[in-house]
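I opened a new notebook page for this structure. My plan is to go from the whole to the parts.

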Amino acid sequence: MNLQDHIGAPVVVQSTTLSPGRKSQWIAAALRYLFLGNGVMSSNCCEAGCFLSGQHNSPDLEILTLFQTNRHPHAVELASILMHPESKGTVTINPHNPSGPPLIDPQYLTAPGDADLLLTGVERIRSIVNRPALRRFGLTSEILPGSMEGGEFLRDHASTYHHPVGTCRMGSDDLSVVDPRLKVRGLNNLWVVDNSIIPAIPAAHTAATAIVIAEKAADILKKDLFRV
Ligand SMILES: Cc1cc2nc3c(=O)[nH]c(=O)nc-3n(C[C@H](O)[C@H](O)[C@H](O)COP(=O)(O)OP(=O)(O)OC[C@H]3O[C@@H](n4cnc5c(N)ncnc54)[C@H](O)[C@@H]3O)c2cc1C
């Protein structure tokens, strides 16, 4: 229960410049970086982004630019990403093979409203892309979603942004998996230290959260295990 993840949908726009995401560009890019220290390999791949506020106290949507998309040889990609999805998935033991891999069902976009909100972000991106200020970057026609219907487009192109959290939720209630000191309820010597303890997905990418959890866990374990 409580598997939460950020799902995003791409807007891909044809560009007059060759996408550096193309494999044929890699050697030139590597040489440029080696000798001049600049170019695509000096980039973090997604230099620009923004968060859009909505009904929550924190952002509802993130817009991320990916100038090095490999979805098309001459294109840039901007993604609309849902920050607070209502849809929640499950991770369960496979009853036919209990010691094998778990069954993971993310249930993306099953809650009413999630798909509409994601498509709102897509529309915002479309309006940004068409602004005169971006013309000098050579953006031309839209490749995705293009003429696809919203539902069909999301089914084919929405994807995870790799931020799964929540399946060992921390809390003080009986249904939470770990207590506020990260110890698994009902067991004496088992703690969970990763993003699965997050009760509700943050409106942010999740690497920093994992580091904070690990730092806090180190303090907790020093106290609880070693009395330091
Ligand atoms: C492709 C990709 C790109 C990402 N980009 C970004 C980004 O740009 N910015 C950002 O903030 N976040 C990013 N993230 C998310 C970020 O990496 C994760 O949120 C973070 O690493 C989660 O940390 P974690 O400790 O919870 O899990 P993990 O980092 O997945 O660590 C889990 C560890 O447990 C180990 N393990 C698994 N099963 C067992 C087992 N049975 N026994 C023992 N060990 C086990 C695994 O080997 C792994 O080392 C990205 C994730 C992916 C996949």
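**Ground rules.** I am working with a predicted model, in which local features need pLDDT of at least 70, side-chain atom pairs count only at pLDDT 80 or more, and totals for chains, interfaces and linings use all residues. I number residues from 1 along each chain as its sequence is written.

**Whole protein.** I looked up the extent first. The C-alpha atoms fill a box of roughly 60 × 45 × 40 Å, taken along the principal axes. Next I asked how many helices and strands there are. I found four helices and eight strands. Both are DSSP runs numbered from the N terminus, with helices being H or I of at least four residues and strands E of at least two. Along the sequence I read the pattern β-α-β-β-β-β-β-α-β-α-β-α.

**Domains.** The domain assignment gives domain 1 (7-160) and domain 2 (165-228). Such bounds come from an automatic or database assignment. I noted 30 Å between the C-alpha centres of domain 1 and domain 2.

**Burial and contacts.** I call a residue buried if 20 or more other C-beta atoms lie within 10 Å of its own, exposed if 12 or fewer, and partly exposed in between, with C-beta atoms placed from the backbone. Of the 228 residues, 26% count as buried. Two residues are in contact if their C-beta atoms, placed from the backbone, lie within 7 Å. Among contacts between residues at least 6 apart in sequence, 60% join residues at least 24 apart.

**Strand S1.** Why is strand S1 (residues 7-15) largely enclosed by the rest of the structure? Eight of its nine residues are buried, so the rest of the structure largely encloses S1. I then listed its partners, where two strands pair if DSSP finds at least two bridges between them.

- S1 and strand S4 (residues 75-82) run antiparallel, with seven bridges. Ala9 has Ser80 as its bridge partner in S4. Val11 stands opposite Leu78 in S4.
- Strand S7 (residues 139-144) is joined to S1 by three bridges, again antiparallel. Here Val12 is partnered by Leu144.
- Strand S8 (residues 159-160) is antiparallel to S1, with two bridges.

**Strand S4.** I checked its cover next. Eight of its eight residues are buried. Ala75, Glu77, Ala79 and Ile81 point one way, while Val76, Leu78, Ser80 and Leu82 point the other way. S4 also pairs with S3, antiparallel, over six bridges. Leu64 has Ala79 as its bridge partner there.

**Loop residue Ser53.** I found Ser53 in the loop between strand S2 (49-52) and strand S3 (61-66). Is Ser53 buried or exposed? Ser53 counts as exposed because it has 12 C-beta neighbours inside 10 Å. Setting aside neighbours within four places in sequence, I noted its contacts with Pro59 and Asp60.

**Ligand shell.** Which residues are around the ligand? I listed His162, His163, Asp194, Asn195, His205, Thr206, Ala207, Ala208 and Ala210. A residue is near a molecule if its C-beta atom, placed from the backbone, lies within 6 Å of it. The shell divides into three nonpolar, five polar and one charged. In this scheme Ala, Val, Leu, Ile, Met, Phe, Trp, Tyr, Cys and Pro are nonpolar, Asp, Glu, Lys and Arg are charged, and the others, Gly among them, are polar.
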